[in-house]
Amino acid sequence: MKKKNTIFALSSAYGKAGVSVFRISGPDALDILKKLSKKKKFTPNVMQYSDIYHPLTNELLDSCMVVFFKAPKSYTGEDTVELFTHGSIAVIDAVYDALSKFETARIAEPGEFTKRAFLNDKLDLTQVEAISDLIEAETESQRKLALNNTNGQLSKLYNLWRDKLVKILAWYEASIDFSDDEMPINVIDQNNKNLEDVINEIEKHIKTSSVAQLIKYGLDIAIIGKPNVGKSSLFNKIIGQNKAIVSNIAGTTRDVIDAIIDVDGFKINLSDTAGLNSKTNDKIEKKGIKKALEKAQKADIKIYVIDNLKSFDSKQVDKDTIVLLNKIDKKSYKKIPDGILPISVKDNSNWKKFWNLLTFKIKEKMEMSSDATLTQQRYKNTLESVLMFLKTALTEQEIDLKVENLRLATDAIGSITGRVYFNELLDEIFSSFCLGK
Ligand SMILES: Nc1nc2c(ncn2[C@@H]2O[C@H](COP(=O)(O)OP(=O)(O)O)[C@@H](O)[C@H]2O)c(=O)[nH]1
Ligand SMILES: [Mg+2]
């Protein structure tokens, strides 16, 4: 039996659409295209119109656009063909059936095109993972974050550190083989200093991961306050839907209600909570209050709502809290202390001011540095062990142990970009991809 080394898959979503895209990659891609189209010659990188036929029945499948990319100038680094067919379920099924009739071809596994790109040195692992993030991105900030890393910014940084460590390692190794008077003066001091610099840079870089986590998983905002102040009304107004029940009966909201929203391109997890009613004897309400307090504690930003100044509790306020004095349509105030924004959810008073304040606080938290940002938990875990090895190498007096720890650190950094890699790690990364990528 022939080896099925050429892979194919639908690269666009399955269903009705303007166009559907098939990708075929591997040594027989061009041959398959020739057989499908009954044409003999294809100029690489030039898209052309062509009918395609079923290889066994000769039946016309579709009239489409086709393009051939010659290895290594393709996404996978192999010969690749792309077919742009009409976006119809019947056409997709027919083309799948036709492709499956070629002896040397098989359906690609999820992520297999990208895996081949990696194995052919077209991409390193940080770029692969950034592409996966880009496909998953739903907000503008997630798109920017992922795109920053698809061009290899992160790998450049990690490779730079790796190269520095290899140099430091080389000097330490040299000092084992040579006597002190053969070595340039101060070389060990300089080496230690260089090592300290790398440690500082890695520590600084790890700090950028918290912003990346917020962008990827969303910023948590909790609305808190006493019962009946208008928390659920505010929640509904922000999300633009009547998701939380609004009523003048205290204790209506008992559980935490969540919604995911996009504010100025940032993903926000907004929570409405049960009113903080210290007097209640209701068991379920008490549970809800406990949950509300937990939510508030974990939230990145809190919106604390009151409906009169007397009940204001400064213990609820920290630098990440917005305090709203609601229902000013009902009651007027002579003087309102600084830091409390009067609004009316009902008649929109000061809504714009509140929105500006909220978006300002969100942007403050999400501020991205222009440097490469640490986006994956895998990188963070690895860099933390790299730091441990480097710190041991720095403080260790025994030169052999210094060298050993530096080697471990160098290998660990290499595993981030895939310079040193393990099969399980690769399988894990590529299996999260969708089919056709
Ligand atoms: N007059 C006035 N009533 C409001 C305003 N916001 C909410 N309410 C009313 O206050 C009551 C309690 O609102 P709700 O959102 O359920 O408060 P929660 O218990 O804090 O969630 C309801 O009857 C709302 O219609 C407002 O800005 N002005
Ligand atoms: Mg409520």
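In helix α5, which spans residues 140-150, the buried residues are S141, Q142, L145, A146, N149 and T150. This description, like everything that follows, rests on a predicted model. An α-helix has 3.6 residues a turn, so residues three or four places apart point the same way. After α5 comes G152, whose phi is positive, near 90°.

L125 counts as buried because its relative accessibility is 0%, and buried means under 20%. The C-alpha atom of L125 is 9.4 Å from that of K115, a residue ten places away along the chain.

Is S209 buried or exposed? S209 counts as buried because its relative accessibility is 5%, and its contacts, leaving aside neighbours within four places in sequence, are with L374 and K380.

S210, by contrast, is partly exposed, with a relative accessible area of 45%. From S210 to N149 the C-alpha separation is 16 Å, while the two residues are 61 apart in sequence; N149 is one of the buried residues of α5.

In soluble globular proteins, nonpolar side chains tend to be buried together. Here the largest nonpolar core has 33 residues, of which I221, L234, I303, F354 and I362 touch the most other members. Two or more residues of this core come from each of the helices α8 (209-217), α9 (231-239) and α11 (351-366), and likewise from each of the strands β7 (219-225), β8 (257-263), β9 (266-272), β10 (301-306) and β11 (321-325). The element that gives the most to this core is α11, with five residues.

Which residues does F354 contact once its neighbours within four places in sequence are left aside? The partners of F354 are L234, I238, I303, I322, L324, L341 and I343. Of these, L234 and I303 are, together with F354, among the residues that touch the most other members of the core. Another core lies apart from this one and has 29 residues, including I32, L36, F68 and L99.

## The surroundings of ligand 1

How many residues surround ligand 1? The shell consists of 18 residues, and the closest are N228, K231, S232, S233 and D329. By residue class, the shell divides into four nonpolar, eight polar and six charged residues.

Polar pairs to oxygen atoms of ligand 1 are found at both backbone and side-chain positions. A polar backbone atom of N228 lies 2.8 Å from an oxygen atom of the ligand, and a backbone N or O atom of K346 is 3.0 Å from an oxygen atom of ligand 1. For N326, an N or O atom of the side chain is 3.1 Å from a ligand oxygen. Taken alone, ligand 1 exposes 580 Å², of which the protein buries 85%.

## Backbone features in the loops

Most residues other than glycine have a negative phi, and most peptide bonds are trans. N45 has a positive phi of about 70° and is found in the loop between α1 (29-37) and β3 (48-53), where N45 is partly exposed because its relative accessible area is 48%. D121, with phi near 65°, sits in the loop between α3 (112-119) and α4; D121 counts as exposed because its relative accessibility is 72%, and exposed means over 50%.

The peptide bond from A71 to P72 is cis, with omega near 5°, and P72 is found in the loop between β4 (60-69) and β5 (80-87).

## A residue of helix α1

With a relative accessible area of 47%, K35 is partly exposed. The C-alpha atoms of K35 and S11 are separated by 21 Å, and the two residues are 24 apart along the chain.

Definitions and conventions:
Residues numbered from 1 in each chain as written. Chains lettered and ligands numbered in written order. Predicted model: local features only at pLDDT ≥ 70, side-chain atom pairs only at ≥ 80, totals over all residues. Heavy atoms only, no water. Near = heavy atom within 4 Å. Polar contact = N/O pair within 3.5 Å; in protein donor to acceptor, adjacent residues only side chain to side chain. Areas by Shrake-Rupley, 256 points an atom, 1.4 Å probe, with all protein chains shown as cover. Nonpolar A, V, L, I, M, F, W, Y, C, P; charged D, E, K, R; others polar. Core = buried A, V, L, I, M, F, W, Y, C linked by side-chain atoms within 4.5 Å. Buried < 20%, exposed > 50% of the residue type's maximum accessible area, 1.4 Å probe, protein only. Helix = DSSP H or I, 4+ residues; strand = E, 2+ residues; numbered from the N terminus. Contact = heavy atoms within 4.5 Å.
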